[in-house]
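This report covers a predicted model. It takes the strands, the domains, the chain contact and the core in turn.

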Amino acid sequence: MEYFLQLVLAGLTKGSIYALIALGYTMVYGVFKLINFAHGEIYMIGAFTALIVGGALQITTDLAPSMIFLISLVAAIFFSAAHGATMERIAYRPLRQAPRLTALISAIGMSLILQNYVRLAQTSDFLPFHSMIPDIPWLTPGVSPITTTQLTIVVTTVVVMISLTLFIKFTKMGKAMRAAAQDRIMAQLVGIDMNRVATYTFVIGSVTAAIGGVLIANHMGQINFYIGFLAGIKAFVAAVLGGIGSIPGAVLGSFVLGMAESFGAGYISSAYEDAFAFIILIIVLIFKPSGLLGRNEVEKV
Amino acid sequence: MSDTILDIRNFSMIFGGLHAVNCVNIHIDKCEIVALIGPNGAGKTTLFNCITGLYTPTEGDITVYNSNKKTVRINGLNPNKITELGLARTFQNIRLFNSMTALENVMIGCHTRLKAGILGAILRDGKTRAEEQGVIDTSMGILKKLKLERYANETASNLPYGPQRLLEIARAMATEPQLLLLDEPAAGMNLAETKRLDYIISKIRDEEQITILLIEHDMNLVMSIAERIYVLDYGELIAEGTPAEIKANPAVIKAYLGE
C-alpha cells in the first residue's frame, strides 16, 4: 500500500512537471499551429539560471534558503521569458506566413542553437544542483510519504494552472488569445495585434516552463544542457495525448503520462520507463487521434 | 470631394498570371451606402481583402481619410492597424468565434479601445472594472440595436443562421468603424430576414453615421438601399452610377445576361 502511494506521488510529481512544460507547447500550437521544438530548451535554461543565481547567492550572501530559492526562481522566470520572446521574434515571426514545415525546421534549429550555446557557455557535464527548497519539519523523510520538494511541485503546478485558466478566461489578452486560436485572420480584423498575442503566448509558455525547470532541478539534484530534450519530447507527448491546442487536455495528458511512467516503472520494469510514455501515446492515438480532450477538426472545403 | 472617406486609385491585384482586379478606381464618400456588384469571380471579394489588409495590392493606392482628416495609405498595413483606422468587415461565409458567446464575440471587437493591461487584470482596480463594465454595456447596446440581445449569453455556434450573420455585423460595429464593408450580408437569408437586413443597414448608416460598402447578389436589396453602385466584371470596372442608371446600362445587362 505504501509502495502504491509512493508511486502515485511520484506520478503526480512527474505529471506536474510535464504539465508545466506541455502548457507552452499547447498554447503555441493552439494559436499558431506551430510545434515549438525549442520549448524544452527554455525549460533547461530556466534550470541553469536558477543554478547560477542560486549558487552565487549561496556563496556571497547568507540569505535563508527559501529566499534564495525564490530569488533564483524569479531570475529564471525572467531570463527564460526573455529567451522565449526573443526566440519568437527572430525564429518564428518572420516565418508566420510561411508553410508550417518551414517554421518547424526553424524550431529544430533554434533548439540546437540553444542547447549548444548552453553547452559552450557552461559545460557538457552533469552539474550537481543542491536543492534550495528547505524541508518542512512535519514532512520528515521516511515518516511521511511525500517530500517537501514533491509537495512544492504539486502545489505550484496547481496554482499555475488555476491562474492561467483565470487569465485565459477573464483578461483582455486571454480573450484575444482564444479569438486568435479560433480564427487568426478574423482576430486581426477585429483589431487584435497578432504580434502582441505572439509575445504573450511565448512569454507565458516560457514562464511556466522555467518554473518547471527550477522545480525539477531541485527535485532531481543534477542538470546538464541536454535535459530539455527528453523533457521536451515527453511534454510534447503529453500535449498530444491530451489533445494539442487544448489547455485542460495538456494538463490531463501530463498527469496520465506521469502516472503511466511511474506505475510502469514501479510494477513492470524501470528499464523501460521512457518507453511507457510512447506506448500510451500510440494506444490513445489509435483510438482517439485527436487526443483525449482534443476536438476533431472538420476540414471545410 | 472634401468628404471622401476611401479612395482607391489605379488598383490592380495579380495572382501569378491572373489579373483578379485590373486598374480600378473607386471612391466612397462619407455616409454613403455603396454597393459593389458583379458576376461570380469578378474580383469583388479580392478588392475587400485588399482594403482590409489581407492581401497587399500589386499596384495602386488605397487611401483612407480619417475622421480627423488624416490621410493614410493603407497598402500592405497589418489588418489590425487598418481596423484601428476605422474599417471593419464581415465575411461571405460566417466567421464567428464559435466557442464564445454572442456577447463575447462583440466584446472582442471592443478590444482595440481597451487600455487596461495585465497588471490591471490581476489587481482588478476600480478603473479596470469600470472599463470592463463599459465594454459590456457598449456590447449589449450594439446587440440591442440589432435585436440580438436575447442571444447574448448563447454560444455563437448555437445561434440560428440569420442571427449569426447579424452578429458578424455587430462584432464589426464594435470596432467603431467609419466604414463598414459587408460581404454578401444577405447570402442564405430568407425574404423576411433580408427585409430586416435592409432596415438594419439603413439604420446603421442613419443613426451611427457609418458609411457602408457592400457586396451583394440580391438585386432587390441592392436596388433598394444602395445610393451608388459599382459593377465589376472579370476584374474590370464596367459601370458606375445610381441604381436607375445601372439598371439601364447595356454593359451591365450584357455582363449579367450575356448577349
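## Parallel pairing around E7(B)

In which sense do E7(B) and strand E8 of chain B pair, and over how many bridges? The pairing is parallel, and five bridges join E7(B) to E8(B), which covers residues 211-215. In this pair, B:Leu179 faces B:Thr211 of E8(B). E7(B) also pairs with strand E6 of chain B, residues 87-89. That pairing is parallel too, with three bridges. Here B:Ala88 stands opposite B:Leu180 of E7(B).

Is E7(B) covered or open? It is mostly covered, with five of its five residues buried. In a regular strand, side chains alternate between the two faces of the sheet. On one side of E7(B) are B:Leu179, B:Leu181 and B:Asp183; on the other are B:Leu180 and B:Leu182. Every one of these residues is buried, and both faces of the strand are covered.

## Two domains in chain B

Chain B splits into domain 1 (1-86 + 178-191 + 210-259) and domain 2 (94-176). Their C-alpha centres are 27 Å apart. Each domain gives seven residues to the contact between them.

On the domain 1 side, two elements give two or more residues: helix H2 (79-84) and strand E7 (179-183) of chain B. By type, this side of domain 1 holds four nonpolar residues, two polar and one charged.

E1(B), residues 4-15, runs antiparallel to E2(B), and eight bridges join the two. B:Thr4 is opposite B:Asp29 of E2(B).

How many of the eight residues of H1(B) are buried? Seven are, so the helix is largely enclosed by the rest of the structure. The buried residues are B:Lys44, B:Thr46, B:Leu47, B:Phe48, B:Asn49, B:Cys50 and B:Ile51. After H1(B) comes B:Gly53, with a positive phi near 90°.

## Where the chains touch

The contact between the chains takes 18 residues from chain A and 24 residues from chain B. On the chain A side, helix H6 (172-182) and helix H7 (184-189) are the elements that give two or more residues. H6(A) supplies the largest share, seven residues. The chain A side divides into nine nonpolar, four polar and five charged residues.

## The largest nonpolar core

The largest nonpolar core has 167 residues. Those with the most contacts inside it are A:Ala22, A:Ala47, A:Ala180 and B:Ala170. Helix H8 of chain A, residues 194-220, gives the most to this core: 14 residues. Domain 1 and domain 2 of chain B both give residues to the core, so it lies between them.

Which residues does A:Ala47 touch, leaving out those up to four places away in sequence? They are A:Gly213, A:Val214, A:Ile216, A:Ala217, A:Ile223 and A:Ile227.

Technical notes:
Residues are numbered from 1 along each chain as its sequence is written. Chains are lettered from A and ligands numbered from 1 in the order in which they are written. This is a predicted model: local features need pLDDT of at least 70, side-chain atom pairs count only at pLDDT 80 or more; totals for chains, interfaces and linings use all residues. Two strands pair if DSSP finds at least two bridges between them. Helices (H or I, at least four residues) and strands (E, at least two) are DSSP runs, numbered from the N terminus. Two residues are in contact if their C-beta atoms, placed from the backbone, lie within 7 Å. Ala, Val, Leu, Ile, Met, Phe, Trp, Tyr, Cys and Pro count as nonpolar, Asp, Glu, Lys and Arg as charged, and the others, Gly among them, as polar. A nonpolar core is a set of buried Ala, Val, Leu, Ile, Met, Phe, Trp, Tyr and Cys residues joined through C-beta atoms within 7 Å. A residue is buried if 20 or more other C-beta atoms lie within 10 Å of its own, exposed if 12 or fewer, and partly exposed in between; C-beta atoms are placed from the backbone. Domain bounds come from an automatic or database domain assignment.
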